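Subject: Structure for your review

Dear colleague,

My notes on what was found follow directly after it.

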Amino acid sequence: MCGLLALVTDPSAEVPPTIVEAVFGATALMRHRGPDEPGTWTDTTEGADAAASARVVLGFNRLSIIDIAHSHQPLRWGPPETPDRYVLVFNGEIYNYLELREALRAEHGAVFATDGDGEAILAAYHHWGSAALERLRGMFAFALWDSVEQELFCARDPFGIKPLYLATGPGGTVLGSEKKCLLDVADRLGIDLSIDDRAVQHYTVLQYVPEPETLHRGIRRLESGSYARIRPGEPPRVTRYFTPRFDAVPFGSGSAADGQRRYDEITAVLEDSVAKHMRADVTVGAFLSGGIDSTAIAALAMRHNPRLITFTTGFEREGFSEVDVAVASAEAIGARHVTKVVSQAEFVEALPEIVWYLDEPVADPALVPLYFIAREARKHVKVVLSGEGADELFGGYTIYREPLSLKPFDYLPRGLRRSVGRMAGPLPEGMRGKSLLHRGSLTLEERYYGNARSFSDAQLQAVLPRFRPDWVHTDVTTPVYAQSAGWDPVARMQHIDLFTWLRGDILVKADKMTMANSLELRVPFLDPEVFAVASRLPYDQKITRATTKYALRRALEPIVPAHVLNRPKLGFPVPIRHWLRAGELLDWAYAMVAASTAGELVDLAAVRAMLDEHRSGATDHSRRLWTVLIFMLWYAIFVDGSVTPQISKPDYPVQL
């Protein structure tokens with residue numbers, strides 16, 4: 001895992017000669033992503049001063065995982081006639097690189113100088129063009145300079161596991177693994193760094209900033225499953241190469257044998273994915289939350305490394321720890337286990353550093369324990385496997401069962417459904433049935449936009465001085481829903497989550513919190529071959545009235561210990577509700593509101609009133625408060641500079 005930064009200047013613009021040094025300096029801001037080895041490269045006009053005439057600048061920080069002694073980046077490769085045609089900076093892993101290299105040798109006579117996966121990308125692009133992306137099994141964000149075409153080609157993996165920020169100004173285009181690096185050079189390129197009010201509102205509703213937005217107007221993200229071509233003096237041209245589809249295939253005759261065949265198919269593809277995700281020249285461990293997904297990954301990984309170490313985290317509060325279950329799971333599969341218990345004081349102290357690593361605010365408190373367990377894991381291993389993506393692919397969220405409970409409303413005429421919704425209005429808040437009547441009156445497109453919502457419109461308007469009623473969740477979801485017309489409702493919800501919650505929250509915290517600790521996280525469920533199998537499951541093999549992920553649970557019966565198989569999902573829960581009523585976190589929250597200069601964007605008096613109500617126990621505002629407080633901390637770090645995080649630099653071994 002690594003960090004990359006790339007710049008393509010506009011040859012007609014007056015770009016300061018110091019821009020090259022600025023890019024190299026900005027690369028150091030993400031040294032945590034690759035502490036093993038830095039690398040730089042510039043493309044200059046022959047005979048001219050390098051600093052003044054550079055058209056392309058590449059910076060890189062390497063976390064060496066595969067082919068440690070070689071595969072240095074920026075990596076140069078080309079065919080015999082132009083041996084240095086391409087230069088690559090690449091963040092991620094290509095798990096089928098051995099198969100790709102063999103195919104390229106057999107079909108095209110490709111010659112490789114290293115044993116790594118980077119050259120597989122370069123040779124694949126040379127021989128197959130952008131179609132090579134569809135043959136890559138892995139997580140990746142890369143930038144590839146073609147010196148013949150004078151073009152930078154950059155791409156992200158299908159699900160958005162690895163990030164890539166992009167900004168274009170009068171001086172050129174810069175892109176990188178971390179937004180803070182772009183901020184460091186933006187002024188030299190004339191990039192607009194004003195705050196995007198609409199993105200702020202989207203964040204407050206969704207608890208993350210949806211792609212491709214960021215909170216700075218001039219900086220955007222290359223979306224998951226997309227690539228861009230960038231030529232000097234031209235804006236990026238973006239193309240989507242992967243559009244996920246859930247095309248259900250019924251279970252044939254419905255016989256037990258036919259059903260078992262489909263379950264065996266799930267088992268086989270997961271075994272293959274984990275086997276490929278175990279490819280590394282360093283030690284691989286696994287996160288173990290106590291749920292079915294992470295336990296399945298760890299159990300399968302044990303087949304390749306019987307000395308596997310698993311890791312979990314929790315809190316010293318009943319109901320907010322899966323440590324005991326994780327320990328039992330580790331014992332059942334025979335893994336050595338490491339636990340990290342996080343105190344409230346540690347939690348509060350780490351917040352500024354964590355938000356600095358995030359680049360954009362994400363109001364998911366589970367990312368804090370993830371940061372701590374990643375730090376603990378890095379003392380033992382350099383790579384961990386984790387279970388992210390299983391819920392989105394196999395139907396694991398409880399909310400996916402909502403269409404079953406709302407099905408009676410489908411038989412009502414549209415006008416009558418609306419009338420039922422109006423009946424819910426006068427009912428007292430919290431009254432049983434009020435929410436059911438309201439949600440039953442709405443279409444799926446109106447009521448579902450991902451796995452998070454905490455503010456009502458009235459609450460949102462009270463907190464955001466610049467609130468606009470025309471900035472709504474459908475800005476984000478309408479084009480996604482348009483792609484799933486005619487699918488079953490669970491498939492449509494899964495599809496929405498792939499474009500919202502998964503890539504906006506789950507994968508952001510997974511990448512940022514592990515990379516903060518120079519730890520590579522791999523997600524075997526988010527593999528194209530696994531998705532291909534999961535996408536064919538019919539509605540009733542994902543959700544029943546009794547359970548979620550039905551087919552996955554059946555497939556994992558021979559692999560996962562019985563005490564985990566049908567256990568409710570918990571994850572890494574955080575006692576935010578309790579901590580915002582007493583203790584260090586409440587004190588921190590009041591101090592944050594008192595010191596904040598974000599009053600133009602957040603009504604500080606309204607936030608203080610919410611804190612008072614929550615502390616008294618009158619109302620549970622914990623999710624809403626956490627969303628706003630994390631934004632205020634982000635503002636203090638990245639906008640007004642009133643908070644300067646103390647970035648810890650643990651003395652991790654360079655190679656394990």
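Gln150 is found in the loop between β6 (138–146) and β7 (151–156), where helices (H or I, at least four residues) and strands (E, at least two) are DSSP runs numbered from the N terminus. Please note that this is a predicted model, in which local features need pLDDT of at least 70, side-chain atom pairs count only at pLDDT 80 or more, and totals for chains, interfaces and linings use all residues. Residues are numbered from 1 along each chain as its sequence is written, and side-chain values use heavy atoms, with hydrogens and water left out.

Backbone geometry

Gln150 has a positive phi of about 55°, although it is not a glycine. With a relative accessible area of 25%, Gln150 is partly exposed; buried means under 20% relative accessible area, exposed over 50%, and partly exposed in between (1.4 Å probe, protein chains only). Ser518 also has a positive phi, near 55°, and is likewise a residue other than glycine. Ser518 lies in the loop between α20 (501–515) and β17 (520–522) and counts as buried, at 5% relative accessibility. A cis peptide bond, with omega of about 5°, joins Glu211 and Pro212. Pro212 is placed in the loop between α6 (197–206) and β10.

Salt bridges

The structure holds 48 salt bridges, a salt bridge being a side-chain nitrogen of Lys or Arg within 4 Å of a carboxyl oxygen of Asp or Glu. One of them joins Glu265 and Arg536, at 2.9 Å from N to O. This pair links distant parts of the chain, 271 residues apart: Glu265 is in helix α7 (residues 256–277), and Arg536 is in the loop between α21 (528–534) and α22 (550–555). Glu265 is partly exposed at 27% relative accessibility, and Arg536 is partly exposed at 29%.

Arg240 forms a salt bridge with Glu223, with 3.8 Å between the closest N and O atoms. Here too the pair links distant parts of the chain, with Arg240 in strand β12 (residues 237–240) and Glu223 in the loop between β10 (219–221) and β11 (226–230), 17 residues apart. Arg240 is partly exposed at 30% relative accessibility, as is Glu223 at 24%.

Arg522 and Glu520 also form a salt bridge, their closest N and O atoms being 2.6 Å apart. Arg522 is buried, with a relative accessible area of 0%, and Glu520 is buried, also with 0%. Elsewhere, salt bridges that share partners join Arg33, Lys162, Glu178, Lys180, Asp359, Asp511 and Lys512 into one network.

Cysteines

The structure holds zero disulfides, a disulfide being a pair of cysteine sulfur atoms within 2.5 Å. The sulfur of Cys2 has its closest cysteine sulfur in Cys181, 14 Å away, which is too far for a bond. Cys2 counts as buried at 5% relative accessibility, and Cys181 counts as buried at 0%.

Helices

Cys181 is one of the buried residues of α5, which also include Lys179, Lys180, Leu182, Leu183, Val185, Ala186 and Leu189. Helix α5 (residues 179–189) is mostly covered, as eight of its 11 residues are buried. Gly190 follows α5 and has a positive phi, near 75°.

The axes of helix α18 (residues 474–482) and helix α19 (residues 489–499) come within 10 Å and cross at roughly 130°. That makes α18 oblique to α19. Axes are lines fitted to C-alpha atoms, for helices over the stretch in contact, and angles run from 0 to 180 degrees between N-to-C directions. Angles under 35 degrees count as roughly parallel, over 145 as roughly antiparallel, 65 to 115 as roughly perpendicular and the rest as oblique. The contact (heavy atoms within 4.5 Å) is made by Thr477, Val480 and Tyr481 of α18 and by Arg492, His495, Ile496 and Phe499 of α19.

An exposed loop residue

Pro426 sits in the loop between α14 (414–424) and α15 (434–440) and is exposed, at 69% relative accessibility. The C-alpha atoms of Pro426 and Glu349 are separated by 44 Å, the two residues being 77 residues apart along the chain.

Yours sincerely
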